[in-house]
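Notebook open, structure loaded. I wanted to look up the aromatic pairs first, then a helix crossing, then a sheet.

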Amino acid sequence: MIAFLGQGRMGVPMARRLVTAGHEVTTWRRGTGVPVAAAVEGADLVITMLSDPAAVREVLTAALPGLRPGATVVEMSTIGPEAVRELRALLPPSVNLVDAPVLGSVGPAAEGTLTVLAGGDLSGCREVLRVFGSVRELGSLGAGAAMKIAVMSAMVPAQVLLAETYAYAQAHGVDREALIDVLSGTPLGVLAERLRVPSEETRYSLAHAAKDLELGAWEGGSLATAARRRLQEARAAGFGDRDVTAIVEHVEGGRASRAVPVNVPAIPATNGMYSHAVRVGDMLYVSGVAAFDESGKVVGEGSMAAQAEHVFEVIARILADQGAAFGDIAFIRTYLTDMDARAEYGAVRRRYVTGTPPASTTVEVSRLFMPGLLLEVDLIVALTPAGR
């Protein structure tokens with residue numbers, strides 16, 4: 001049996017490919033109320049296709065009680081080699097881990113024509129991976145994740161470069177169609193055609209492109225670093241959910257909203273009365289975060305430590321979505337229903353907010369918006385300025 005833990009545009013067609021190929025598949029996604037451990041129980045193969053390293057770590061941690069000895073976990077998200085090494089340390093030695101991110105978008109995922117970049121021992125999953133497309137066996141664990149980041153560190157900056165080229169042409173009266181026709185005869189031809197008209201369909205979101213370059217940031221990678229900053233700027237301007245080809249519109253002067261709502265799909269949705277956060281320039285204002293799950297039920301009822309753990313995991317996801325970390329927090333405000341429990345809260349907070357603490361306020365309140373909630377935390381975060 002295969003357990004497929006995935007979400008979003010890529011997860012659905014990939015799970016369908018497995019079913020069409022005749023495999024017995026159990027699927028899991030957020031919001032169903034099914035515990036991850038129950039979804040993976042008895043599975044020989046567990047596949048993850050999630051949004052970022054934090055999501056993979058969270059889901060596999062929850063899956064641990066259900067993983068059987070001898071199972072193979074195939075991590076197919078784009079998370080980078082460092083996160084793969086962290087997962088190896090997280091999983092028990094009796095569970096095999098393979099990293100196998102893919103090249104391709106929704107269409108190839110549905111057609112089974114992805115390129116799978118695999119690292120580690122594939123003996124327990126080689127034939128299954130071929131259902132998704134061609135498999136490149138690249139060596140030891142982490143090799144696939146490193147290859148994916150290396151490829152994206154070339155492909156994504158090239159699209160940003162072409163967007164800037166189009167903007168230069170526009171500013172100097174060069175005919176756009178003629179420019180693309182000329183570029184089509186060069187090694188950049190395929191990408192030039194792709195950016196001729198930004199895609200209406202989101203095949204590879206601009207936010208994911210920014211995340212991939214954030215994972216690939218390294219000292220000396222000047223072109224990738226500059227492209228990453230362009231994409232962060234576009235994401236802050238409200239282009240994050242658009243296809244990455246929308247970078248053309250942004251560079252050519254697409255209107256940037258001053259206040260850009262940020263709603264992270266990998267955490268419980270809001271009730272429509274607020275956004276998870278709002279980005280204004282280089283500052284991120286995070287709404288009050290409390291301990292409730294996708295179905296609106298309180299997590300860790302009666303336990304300050306359990307609720308604080310949940311709150312800071314959610315905060316980690318919001319920060320990661322915007323390319324930030326706990327060290328970027330400028331101000332943190334905590335509302336407690338019982339000030340006598342502040343020591344329990346503080347013990348959890350210190351594990352996440354390390355080093356010199358940010359500006360902070362902690363207050364006691366008589367109640368919060370949902371019965372059973374013991375705390376709520378809001379933040380102001382300083383983000384990396386675009387162009388720096």
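I looked for aromatic pairs and got 5 in the structure; rings of Phe, Tyr and Trp (its six-membered ring) pair if their centres lie within 6.5 Å, with planes under 30 degrees apart counted as stacked, over 60 as edge-to-face and the rest as tilted. Phenylalanine 312 and phenylalanine 326 make a tilted pair, at 6.2 Å centre to centre and 45 degrees between the planes. I placed phenylalanine 312 in helix H13 (residues 304–321) and phenylalanine 326 in the loop between H13 and strand S12 (329–336), 14 residues apart. For the labels, helices (H or I, at least four residues) and strands (E, at least two) are DSSP runs, numbered from the N terminus. Phenylalanine 312 and phenylalanine 326 are both buried, meaning under 20% relative accessible area, with exposed over 50% and partly exposed in between (1.4 Å probe, protein chains only).

A note on sources: this is a predicted model, where local features need pLDDT of at least 70 and side-chain atom pairs count only at pLDDT 80 or more, while totals for chains, interfaces and linings use all residues. Residues are numbered from 1 along each chain as its sequence is written, and side-chain values use heavy atoms, with hydrogens and water left out.

Back to the rings: what does phenylalanine 312 form with tyrosine 352? I got a stacked aromatic pair, 5.4 Å centre to centre with 20 degrees between the planes. Phenylalanine 312 is in helix H13 and tyrosine 352 in helix H14 (residues 342–352), so this pair ties together parts 40 residues apart in sequence. One aromatic cluster takes in Phe312, Phe326, Tyr345 and Tyr352.

Next, the helix crossing. The axes of helix H10 (residues 206–215) and helix H11 (residues 222–239) come within 9 Å and cross at roughly 145 degrees; axes are lines fitted to C-alpha atoms, for helices over the stretch in contact, and angles run from 0 to 180 degrees between N-to-C directions. Contact means heavy atoms within 4.5 Å. Among the residues making this contact I noted Leu206 and Leu213 of H10, and Leu231 and Phe239 of H11.

Last, the sheet. I found an open sheet of 5 strands in the order S2-S1-S3-S4-S5, paired in parallel; two strands pair if DSSP finds at least two bridges between them. Strand S2 (25–28) and strand S5 (96–99) are the edges, each pairing on one side only. Strand S1 (residues 2–6) and strand S3 (residues 45–49) pair over 5 bridges, and glycine 6 has methionine 49 in S3 as its bridge partner. Helix H1 (residues 8–20) lies across S1, S2 and S3, at about 165 degrees to S1.
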